[in-house]
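Subject: A structure for you to look at

Hello,

Here is the structure I promised to pass on. Have a look at it first, and then read my notes below.

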Amino acid sequence: RWHVLPEKELKDLNKYVGIPYVHVPDPFGCCKSWAEHFNNVWLDGARALGVNVEDYSNDSLYKEGKFEPPTRTILSDIPLAKEVISRFQLNTPGDYIPFNPICENCGRITARATAVNLDDWTVDYVCESKSLAGEFEVPGCGFRGTTSLNNGKLPWRFEWPSQWQIFDVRMEPFGKDHYEGSWPSGQEISKVILKRQPPVYTVYEFFLVNGAKMSTRHGNVYITQDMVDIMEPEAFLYFYSLNPMKQKNLEVKNINFLVDSFDRFERIYYGEVEPADAEEKETADRVYPMLHIGRRKVRIPYTFAAMVSVSRNDEHILRTLKKTGHLPADATPDQEQDALTRV
């Protein structure tokens, strides 16, 4: 799930800055690496919503040679790669080579490529110090060596369009921060270097929590597992179905409004309430079946469910719901479980 590390252990992680996450030990001790741990957190969250995900590891794809075709194309004309990326990236050095080798001495991925040999499928490099995100100084060990082109990665602006080629991506949704950044360069790299039409795209807005952009730095991060503790998975999926081109704001203290909105959305689908307009009805008809709800569930009003939840006694809660008419006296076990899930 989601854990908090003691401050001492957080400081101990500083020594891994610049090392690929797949090679950083899991600080929580339950997985093979940092990457596997947090990938599992994300996958568990998706499964909690009933979403089946095909999971791929970039590290494995490089090792298996899946990135070789686009990498070979990009590195076969380094001057062209430099010319294209220079339109979108300031201060591209004269000896620029679009590849980040992993230093075989210290394990950091900040080494600078100095030459490539596509026949031998190798890259020469020197491990130099480098600044990351203008904040972190990654120390280079000074080692000079030659390694396989499978031991490293393309820079992100080249890697993204390479993934489109590998997976034959036809549709690519992304956040608006990419729209003015890696998306324009990705289109050019795809068309000019990889000779492939970029995918159709859609841009989604930022995700806010209590009116502020979600950020680990500000401590306002919630994961899916947190959300399904306070609402049904389908209600959270409904939140994601709202217009992606408008900012979504998750007001945790007012979560009852979101759940009430979902309940109304469900009733529109079943024709039990009048939609505000034809668009609202069309949205319900199109989106609701994609929430994979299965049989229709009993929905206790969220605020009332919150009131009776103080009991902490399932039998007492069910008696109260039946007395108030929120559950039929002859409710089935499934209906009782629906009610308790909401509570």
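Strand 3 (residues 122–126) and strand 6 run antiparallel and are joined by five bridges. Within this pair, Asp-124 faces Thr-146 of strand 6. (Strands here are DSSP runs of E with at least two residues, helices are runs of H or I with at least four, and both are numbered from the N terminus; two strands pair if DSSP finds at least two bridges between them.)

Please keep in mind that this is a predicted model, where local features need pLDDT of at least 70, side-chain atom pairs count only at pLDDT 80 or more, and totals for chains, interfaces and linings use all residues. Residues are numbered from 1 along each chain as its sequence is written, and side-chain values use heavy atoms, with hydrogens and water left out.

Another open sheet has three strands in the order 11-10-12, and its pairing is mixed. Its edges are strand 11 (212–213) and strand 12 (248–250); each has a single partner strand, so one side of each is left without a neighbour in the sheet. Strand 10 (residues 207–209) runs antiparallel to strand 11, with two bridges between them, and Val-209 stands opposite Ala-212.

Best wishes
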